[in-house]
Amino acid sequence: MRTLIALLFCLALPTLPVEAAKFTEGDYYVTLASEPSKKMEITEYFSFYCPACFKQEPFMNELKASMPEGAVFRKNHVDGMPKRDMSVEHSLTKALVTAQHLKSEDKLVPAIFNYIHVKGADFSNDNDIRNLFLRNGVSAKDFDKAFASFSVNVKAKQMQKNTQAIRAQGHRAVPTLIINNKYKPVLDNIKSYDEYKELVLFLLNKTA
């Protein structure tokens, strides 16, 4: 009888989701000193020059496809990689924004990564970036108009500000994911990409 009562008592206790019990703060994520976003969002801080960012691009695409309806995935290109020309890095930030503006991000982001990490090439100036866009189906007129536009320049500067803000909190590595402008995954205890995705989706749905 006592065993039955004890069992019924245990069954009556509220159960925590597996993820909530598994992904503890400090061990699997840190909370940032910033206001949470109003909508579910993931921001990837990355550099086209970063080999790890290049290798993780398929995972980022998989993660994007796994997000719930209404959630937003954003890429934020960072400047200031070691031994890189800052002006070229900023142009690559503008290249990302231009690709987004022209709705060709899915094509141009892999093209830029491949140009650097597969072909072993580099960009010397804006004309090199322009040529890559043209070789990937963007017209010269559309590129020139977008790349020089006020809105692209404003968004590129905003990415620089975002980078400065996250670095001011001590987070400098790339790629880095920031979830809902509030949480940063800690990967020390992550054993697989599946577990990494599980953690990110847990944080995306975290309400407090």
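Colleague: Is C50 buried or exposed?

Modeller: C50 is buried, at 5% relative accessible area. Buried means under 20% relative accessible area and exposed over 50%, with partly exposed in between (1.4 Å probe, protein chains only). C53 is buried too, at 0%. This is a predicted model, numbered from 1 along each chain; local features need pLDDT of at least 70, side-chain atom pairs pLDDT 80 or more, while totals for chains, interfaces and linings use all residues. Side-chain values use heavy atoms, without hydrogens or water.

Colleague: How many disulfides does the whole structure have?

Modeller: A disulfide is a covalent bond between the sulfur atoms of two cysteines. The cut-off is a pair of cysteine sulfurs within 2.5 Å. The search finds 0.

Colleague: Which residues of α8 are buried?

Modeller: Helices are DSSP runs (H or I, at least four residues), as are strands (E, at least two), numbered from the N terminus. Helix α8 spans residues 150-168. Its buried residues are V152, A156, M159, T163 and I166. They cover an arc of only 85°, so they sit on the same side of α8. That arc is taken from the directions from the helix axis to the C-beta atoms. The face turned away carries exposed F150, K157, K161, Q164 and A168.

Colleague: What covers the buried residues of α8?

Modeller: Contact means heavy atoms within 4.5 Å. The cover includes β2 (41-46), β3 (72-77), α4 (86-101), α7 (140-147) and β4 (176-179).

Colleague: What comes just after α8?

Modeller: G170, with a positive phi of about 95°.

Notes. The expected span of a helix is 1.5 Å times one less than its number of residues.
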